[in-house]
Amino acid sequence: MSTTTARATTAPTAAPARAEGRLDRMGIPRPLALGFVAVLVFMTGNGVESNFITPHMVAVLGSPEATVATIVTFYSLAALIGSYVSGALSDLVGPRRVMILGFAVWVVFEVLFLVALGLGSVPFAAVAYAIRGFGYPLFAFAFLVWVNITTPVERNGSAVGWFYVAFTGGLPTLGSLFAIGAIPVLGGGTTGETGAMVASIALVVVGFLIMLFGVRLPNGFSRIAPAGESAWRVLTSGIRLTATRPKVLMGFLVRLINTAPEFGMFVVLPAVIADQRGWGQGRWLLMTVCVYATNILVNALFGWVGDRIGWQRTVKWFGIVGSATGLVAWWYVPQLVPAGSDWGYVLSVVAGCVFGCLLAGFVPMGAIMPALAPEHKGAAMAMYTTAAGGAAFLGTGVVAAVFALGGGGEAVTWTFVGLYACAFVMIHFLDVPQRRATPHRQH
């Protein structure tokens, strides 16, 4: 796609026509401010089920965990495809229309998924859940495109950081917190979980309405690709760029690896924390709230850090090395403390929070990717959003593959550490020219 190319060609941006305010200087374009809120609320609805959906489907459908892991993998594959399509379609028809499409897909197929669960139909549930996977990346990553064509380049890292504050604030943080309260109120067990998923539809609707009525910046309403490009060239530009630019491919792979362990651990850890270590579902959900609340608090910080000390350096040491260290701690600390103990649970939460905090060190990848191909920034951003959505596919795919080979959670953890090692090698080649942001001084 040619998203940011439109900055200088077809798509008008509001920034030059108005005075900058405090939000702009923080990296949040003021006309898009409610869009960040919309993404937060939408992703909260999307994230309600994130930490109980695997055991819920096992119980409701009577299917083995390996079958459910495969269903979740197909869902993640749809999210991967939807992440690419979100960028390409945003170029063709504008990010606002793509967000509307994502909302419609999510709601329709969530209803069908709940019907399938009620009928106990594995094939119906698998198809409905997979297609619903297109919904959230179309909504969220189309908004990221909107942010990208509006934000000045020197604040790009900060803007991406704020986007992930909203994104991870909903999935899984506030989504899990909502589930903690809703499940017991709505009957507990699988009944309460089903009720929580029904209630999640209302959250998604609210998020959509905030966007629909609160974000009306003109550059998001229409095509942003150059007028002379055919629809086919726009749709395939990211793929062609990745095939011809090794650095873009490496950037894609680094971002793909970034949050893959997050989605993998959503499959592996619920049974470990809740059942094997004896802390129960409520404490597992509380743990995820703490872990990803930590991530929320530092996402914008690492965007700011990257704008000042260098995007590559921030990703290399905080993102890759830090996340690998935190992931190992999150797996082993619960195994080493006494099962069911309160102090052991607290230490396990702290270990998870280390992972959640340093995961934010990858935030500057959202600025690195378009800088790798300055003449094709939009196409590079299409591949960035694809990798962001594809991380769910890689994460759940690793779990499914390791389980199929007879491995368990420990093997999954070290597989992810190996992927981080690959990212450490690749980031060495991704140093890009960067205009460093300077602190704003008020007079």
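**Entry 1**

I counted 3 cavities of 30 Å³ or more. For me a cavity is a set of points on a 1 Å grid over the protein atoms alone where a 1.4 Å probe fits but cannot get out, and lining residues have an atom within 4 Å of a point. Points are joined across faces, edges and corners, and a volume is the space filled by probe spheres set on them.

A note on what I'm looking at: this is a predicted model, where local features need pLDDT of at least 70, side-chain atom pairs count only at pLDDT 80 or more, and totals for chains, interfaces and linings use all residues. Residues are numbered from 1 along each chain as its sequence is written, and side-chain values use heavy atoms, with hydrogens and water left out.

**Entry 2: the largest cavity**

I got a volume of about 210 Å³ for the largest cavity. I found 17 residues lining it, with S50, Y75, Y129, F263 and F266 nearest its centre. Two or more lining residues come from each of α3 (53-61), α4 (65-93), α6 (122-132), α12 (260-276) and α17 (377-404); helices here are DSSP runs (H or I, at least four residues), numbered from the N terminus. I sorted this lining into 10 nonpolar, 5 polar and 2 charged residues. Asp, Glu, Lys and Arg count as charged, Ala, Val, Leu, Ile, Met, Phe, Trp, Tyr, Cys and Pro as nonpolar, and the others, Gly among them, as polar.

**Entry 3: the second largest cavity**

The second largest cavity holds about 170 Å³ of space. Which residues lie nearest its centre? I noted Y164, T168, R255, N258 and T259, out of 17 in the lining. The largest share, 3 residues, comes from α8.

**Entry 4: salt bridges**

I looked up the salt bridges (a side-chain nitrogen of Lys or Arg within 4 Å of a carboxyl oxygen of Asp or Glu) and found 4.

R30 pairs with D24, the closest N and O atoms being 3.4 Å apart. Buried or exposed? I use under 20% relative accessible area for buried, over 50% for exposed, and partly exposed in between (1.4 Å probe, protein chains only). D24 is buried at 7%, while R30 is partly exposed at 40%.

R132 and E110 meet at 2.6 Å, N to O. They link distant parts of the chain, R132 in α6 and E110 in α5 (residues 95-119), 22 residues apart. Both R132 and E110 are buried.

D342 bridges to R283 at 3.1 Å between the closest N and O atoms. D342 sits in α15 (residues 342-359) and R283 in α13, 59 residues apart. Shared partners also join E49, E110 and R132 into one network.

Note on methods
1 Å grid on protein atoms, 1.4 Å probe; cavity = no way out; pocket = protein on both sides within 12 Å on 5 of 7 lines; lining within 4 Å.
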